[in-house]
Amino acid sequence: MGCIPLLVQLPVFSIVYYAIRRIDEISASSFLWLDLGHSDPYFILPIVAAVATYLQGRVMQTGVEGMNLSLALLAQILSPVMVLSFGIFFTVRSRLVLDDGQFVYDLSISCIKEDFSREGSA
């Protein structure tokens, strides 16, 4: 089977993501503690994903023995750490990019208004 389920899920997740981001009625809504138009402010979703990854690793390693046990333990520890760090990193990165973009936009608008006010007074 390999990555065939992922090839089915990925377009659906992409469509849902872009629908939430671009349709004003959806992005202005909220679900539980989440404002759908913005990232998770409390980092609950990355923590839940990391805990779920850890629990799946525990369940999957029940019959592992010998040398494979050490590799399974390493994967069991590293996988949740990677999931958590990616979730937090991309959330923080998206906030920084959006804030910087807003700053650049505000700066350009103020410069344009200043130029128009100079032309009008001259």
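This report covers the fold, a surface patch and an aromatic pair in a predicted model.

Residues are numbered from 1 along each chain as its sequence is written. In this predicted model, local features need pLDDT of at least 70, side-chain atom pairs count only at pLDDT 80 or more, and totals for chains, interfaces and linings use all residues, while side-chain values use heavy atoms, without hydrogens and water.

**Fold.** The protein chain has 4 helices and 2 strands. These are DSSP runs, numbered from the N terminus: helices (H or I) of at least four residues, strands (E) of at least two. Along the sequence the pattern reads α-α-β-β-α-α. Of the 122 residues, 9% are buried. Buried means under 20% relative accessible area, exposed over 50%, and partly exposed in between (1.4 Å probe, protein chains only).

**Nonpolar patch.** Phe31, Leu32, Trp33, Tyr42, Ile44, Leu45 and Val48 make a nonpolar surface patch of about 730 Å². Helix H3 (residues 44–60) gives the largest share, 3 residues. Leu32 sits in the loop between strand S1 (30–31) and strand S2 (34–35).

**Aromatic pair.** Rings of Phe, Tyr and Trp (its six-membered ring) pair if their centres lie within 6.5 Å; planes under 30 degrees apart are stacked, over 60 edge-to-face, the rest tilted. This rule gives 1 aromatic pair. The centres of the Tyr17 and Tyr18 rings are 5.2 Å apart and their planes are at 75 degrees, so the pair is edge-to-face.

| Residue | Relative accessible area | Class |
|---|---|---|
| Leu32 | 68% | exposed |
| Tyr17 | 43% | partly exposed |
| Tyr18 | 44% | partly exposed |

Technical notes
Patch = residues over 30% accessible without salt bridge, like charges linked within 9 Å, V, L, I, M, F, W, Y side chains within 5 Å. Areas by Shrake-Rupley, 256 points an atom, 1.4 Å probe, with all protein chains shown as cover. Salt bridge = Lys/Arg side-chain N within 4 Å of Asp/Glu carboxyl O.
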